[in-house]
Amino acid sequence: MGISIEISLYPLQTSYKNIILDFLERIRQYDELTVMTNNMSTRIFGDYEVVMPLLNKELKTTFVRPETVVVVMKMVGKNLEE
């Protein structure tokens, strides 16, 4: 089963760019994911069984940072990239 996720990160401090760029760099390292970004969000496409554990791992890495980060996600149970 495919999945499409639109995700936005909102760090709650003025120095937010590095937090977002770090997250994007980490999720782009996975060849199994298709990652597309724009100014407001990132779209991730792939197989549900592959995407969800990787996303869980990288979100946890973001959440354990000392900065507070809000994450907004929309998910569709189908790979809309195909």
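Me: What is a salt bridge, and how many does the count come to?

Reply: A salt bridge is a side-chain nitrogen of Lys or Arg within 4 Å of a carboxyl oxygen of Asp or Glu. Side chains of opposite charge can pair when their charged atoms come close. Under this rule, 6 salt bridges are counted. This is a predicted model: local features need pLDDT of at least 70, side-chain atom pairs count only at pLDDT 80 or more, and totals for chains, interfaces and linings use all residues. Residues are numbered from 1 along each chain as its sequence is written, and side-chain values use heavy atoms, with hydrogens and water left out.

Me: Which residue does Glu-6 meet in a salt bridge?

Reply: Its partner is Lys-74, at 2.8 Å from N to O. Helices (H or I, at least four residues) and strands (E, at least two) are DSSP runs, numbered from the N terminus. Glu-6 sits in strand β1 (residues 2–11) and Lys-74 in strand β4 (residues 69–76), so the pair links distant parts of the chain, 68 residues apart.

Me: Is Lys-74 buried or exposed?

Reply: Buried means under 20% relative accessible area, exposed over 50%, and partly exposed in between (1.4 Å probe, protein chains only). Lys-74 has 53% and is therefore exposed, while Glu-6, at 26%, counts as partly exposed.

Me: Which parts does the pair of Asp-22 and Arg-65 tie together?

Reply: The side chains of Asp-22 and Arg-65 form a salt bridge of 3.4 Å, N to O. Asp-22 belongs to helix α1 (residues 17–28) and Arg-65 to the loop between α2 (48–63) and β4, so parts 43 residues apart in sequence are tied together. Asp-22 is partly exposed at 27% relative accessibility, and Arg-65 is partly exposed at 24%.

Me: With which residue does Arg-65 form a salt bridge at 2.9 Å?

Reply: That residue is Glu-67, the distance being between the closest N and O atoms. Glu-67 counts as partly exposed, at 25% relative accessibility. Through shared partners, salt bridges join Asp-22, Arg-26, Lys-57, Glu-58, Arg-65 and Glu-67 into one network.

Me: What is Thr-62 in contact with?

Reply: Contact means heavy atoms within 4.5 Å. Leaving aside neighbours within four places in sequence, Thr-62 touches Leu-9, Ile-19, Phe-23, Arg-26 and Val-69. Thr-62 lies in helix α2 and is buried, with a relative accessible area of 1%.
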